[in-house]
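Have a go at each task before reading its solution.

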Amino acid sequence: MKFLTLSRDLFFSQYFEKDFYFEKKAIGLNELTWDDVDEMLFGWSPNDGSIHLFKDGKIDPISYTEDFYDVGMLRKRIVKDSFNNLMLNGATLVLNRIDTKSTKINKLTKAVSHFVKEKAVANGYIAFGGNGTFAKHWDTHDVFAIQLIGRKQWKLFAPTFNLPLQNQTSKDRKHECPETPVFNEILEAGDILYIPRGWWHEALPIEQEETFHIAVGVHTAHITDYLTWCSGNCFVNDLNFRKSLTTQPIEKFTETNVLDVLNNIQNINRFKAAQVEQDKVISPFILSNISKKIKKTKDEKNGILFLNTSYSTSIFENNLLINGIKINIDKKSKIIFDLIEDNLLTKDELVKIVCKDDANEDKLRDFINVLIFNDVICEI
């Protein structure tokens, strides 16, 4: 699977939270088709609140959905003629958490998560012309915009409020947006644009042209999150921080070991471990693997292998916690997990790197299949 040409080290040293990054043809051109989108939408219930139409603001779902009884069950459906006319006249279809609806988009989202080693989710945007979904704004998380079908114009503007947190939106600060963009390009299928949080941007459909892109949002832990965690897990053990403000003037806090607690590498790793412990991912189903197991046939699938975790596993040494499953590993197994974590490898590619003979190859394939079966690894 092709995904960006720059290294992870270069990305973090020069671009992450610092500058935008644009790469042409960063992914393969055959990742998704309109047939894939139609199949996904067919099974997407408008009841779950994650599918919306926008045109000059959010369109009231009453104008394109209706309630009906389906074999005695009250359900909601999209009325196709109303929906189609809205799309034909410039509306934009927004599909929140599209990474949970399509294995192909889940694969791309996991590739971003794998690259940055952070939690990532995706929203989809579809239009056939029109004026765009949102005006100039910034996001409070980093975004990888990946163009999948057609073309779309993107404009980026320099940030005026660096690194905003979740409640620090651009809604009341639109007058601050610079007039001149620092990036003004048309994204074509396969292109990727990285936008750091806080950078003003707008995405504009091209008249009479189709466009489908996903915005993969990267949700990182911030220093404020670490401070909050330390307050509940470290400072509470210090009598100085348990006193009332009436008896402990704030100016005396500097006499305590605040910096020692915050800079303690064990506390930092405990905080990171707490993130991993809470991390669960939605992974593809494996009914075909169950079928092969029943029939005792070989698994011929050769997709990309991903660990079912959003974070780096390196902080756990000989113990891994992946998707809520704790695994004790030896040095040989750790090599395999490290290879999967650091590379976009298929099963065949991994076997070729690790194994020197057929006997070991069969053992490794069996080992990988067990991990897939138990939702530690997914193969997409």
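Helices are DSSP runs of H or I with at least four residues, strands are E runs of at least two, and both are numbered from the N terminus. The model is predicted, so local features need pLDDT of at least 70 and side-chain atom pairs 80 or more, while totals for chains, interfaces and linings use all residues. Residues count from 1 along each chain as its sequence is written, and side-chain values use heavy atoms, without hydrogens and water.

**Exercise 1.** Classify the ring pair Phe3 and Phe115.

Solution. Ring pairs of Phe, Tyr and Trp (its six-membered ring) need centres within 6.5 Å; planes under 30 degrees apart are stacked, over 60 edge-to-face, the rest tilted. The whole structure has 22 aromatic pairs. For Phe3 and Phe115, the centres are 5.8 Å apart and the planes at 70°, so this one is edge-to-face. Phe3 sits in the segment before α1 (8-14) and Phe115 in helix α4 (residues 103-116), 112 residues apart. Both Phe3 and Phe115 are buried.

**Exercise 2.** Which residues form one aromatic cluster?

Solution. List them: Phe3, Phe11, Phe12, Phe16, Phe115, Phe144 and Tyr194.

Key
Buried means under 20% relative accessible area, exposed over 50%, partly exposed in between (1.4 Å probe, protein chains only).
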